[in-house]
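Subject: Structure handover

Hello,

Here is the structure for your files. The notes on what was found in it follow below.

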Amino acid sequence: MIAPVYLVFAVITGIICVLSVSLNGLVCLVFCKNRKLLNAPNIFIASVALSDLFHSITTLPLIVITNTQGRWIYGDSGCKIIGFIATWNGLTSLMNLSVASYERYHALVFLFKSNRTFSRRKAVCCSLAMWLYALFWSLMPLCGWSGFEQEGIGTSCSVRWKSRDKLDLSYNICLLVACFVLPVSVIIISYFKICREINKSARRAKKTWGKTSPFTRETFEMERKMVILFGVMTVAFLVAWTPYAVVSLISMVGRPDVISDITATIPAYFAKSSGCYNPIVYFFLCKRLRQQIKLMVRTGSESSSSNFRRKTFNYSQTPHYPKILRLRYTVELS
């Protein structure tokens, strides 16, 4: 008889798999049908969605099966393959999210210098570079620098976090620094500077146009939305990956039995669940993209985002109209 803990994790994995495939599949479908939406920030969103979708299709169903069996059934080769795919896709999503945060900061700093912002081609190149960067770190365990083994309750595979071998320890330390500390630092610093720049813009608007000006009110509203948006993004990122990083670090420096198998498994599932709320945080909070999803779900057809127009103060007659448009464009990640 299978222990209840395996059945619980089987149900959790199944829910994560269904939600991740559905949400990320919808994201990818919208981008396929609306190629004009693939500007610089959305290229990173699409890349994360594609990575999460691939992971959900290729590995999560197999983990559901192993949990229902209560043991690992795919052998050493299966452990290496699944561990490699999970590591590659997880790192790819992490690195693309960090680059996306820097792109948003870069776009805001050079808001009125179009030649300095990320072009579509530059965004594609950066995204591909992150896929290759993640591929390098994922291939190393297959090339002899550390390796993959069963983790937690033994129904999934990851790198050898509990190993005391110097080669394994060197890889684990480099992996944590290069693929967790670095992207987290980029995200936090970028979002902090974004909020600071938005705050400066709001103060300048108040000083230039007055507190009761429609432009000032809209600038403050944009500031509020930006703070909420990037606050949610940062918290979601940290909730997904920090527990896993902490448990992995404790496994490295502590005794082999300092963390129970179940305790070691829970953070891994937190990390896997990021595929569910990544499309929510990075897609559904983006206004024009959200509109396209609603339209596709309701009508099953594609429509131009021009059908959705905000009823706000008409700035077209003001000399600052181009700047207002670009500021709104940046805040909405459209």
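**Salt bridges**

Arg-160 and Asp-168 join their side chains in a salt bridge, at 3.7 Å from N to O. A salt bridge here is a side-chain nitrogen of Lys or Arg within 4 Å of a carboxyl oxygen of Asp or Glu. The model is predicted: local features need pLDDT of at least 70, side-chain atom pairs count only at pLDDT 80 or more, and totals for chains, interfaces and linings use all residues. Residues are numbered from 1 along each chain as its sequence is written, and side-chain values use heavy atoms, with hydrogens and water left out.

Of that pair, Arg-160 is partly exposed at 29% relative accessible area, whereas Asp-168 is buried at 5%. Buried means under 20% relative accessible area, exposed over 50%, and partly exposed in between (1.4 Å probe, protein chains only).

The structure holds two salt bridges. Lys-162 and Asp-261 make one of them, at 3.9 Å from N to O. Lys-162 sits in the loop between S2 and helix H6 (166-209) and Asp-261 in helix H8, so this pair ties together parts that are 99 residues apart in sequence. Lys-162 is partly exposed, with 30% relative accessibility, and Asp-261 is also partly exposed, with 42%.

**Overall make-up**

The protein has 11 helices and two strands, in the order α-α-α-α-α-β-β-α-α-α-α-α-α. Helices (H or I, at least four residues) and strands (E, at least two) are DSSP runs, numbered from the N terminus. Of its 334 residues, 50% count as buried. Among contacts (heavy atoms within 4.5 Å) with a separation of 6 or more, 75% are between residues 24 or more positions apart. The accessible surface is about 16400 Å², 66% of it belonging to carbon and sulfur atoms; areas come from the Shrake-Rupley method with a 1.4 Å probe, and for residues only the protein chains shown count as cover.

An unreviewed UniProt entry lists several stretches as "transmembrane region", including 6-31 and 81-102. UniProt positions are given in the numbering used here, feature names are shortened, and annotations may be inferred rather than shown by experiment. In the model, residues 6-31 are 100% helix, with end C-alpha atoms 37 Å apart. Residues 81-102 are likewise 100% helix, and there the end C-alpha atoms are 32 Å apart.

**Helix H4**

Met-95 belongs to helix H4 (residues 75-109) and is buried, at 5% relative accessible area. Beyond four places in sequence, its contacts are Met-130, Tyr-133, Ala-178, Cys-179 and Pro-183. Cys-179 is 84 residues from Met-95 in sequence, with 7.3 Å between their C-alpha atoms. Ser-101, also in H4, is buried at 0%.

**Hairpin and surface patch**

Strands S1 (148-151) and S2 (156-159) pair in the antiparallel sense over four bridges; pairing requires at least two DSSP bridges between two strands. Glu-149 has Ser-158 in S2 as its bridge partner. Four residues lie between the strands of this hairpin, where Gly-152 takes a positive phi near 60 degrees.

Val-235, Val-239, Ile-262, Ile-266 and Phe-270 form a nonpolar surface patch with about 400 Å² of accessible area together. Patches are made of residues with over 30% relative accessible area and no salt bridge; like charges are joined within 9 Å, nonpolar side chains (Val, Leu, Ile, Met, Phe, Trp, Tyr) within 5 Å. Helix H8 (261-272) gives the most, three residues, and helix H7 (214-253) supplies at least two. Val-239, in H7, is partly exposed at 38%.

Regards
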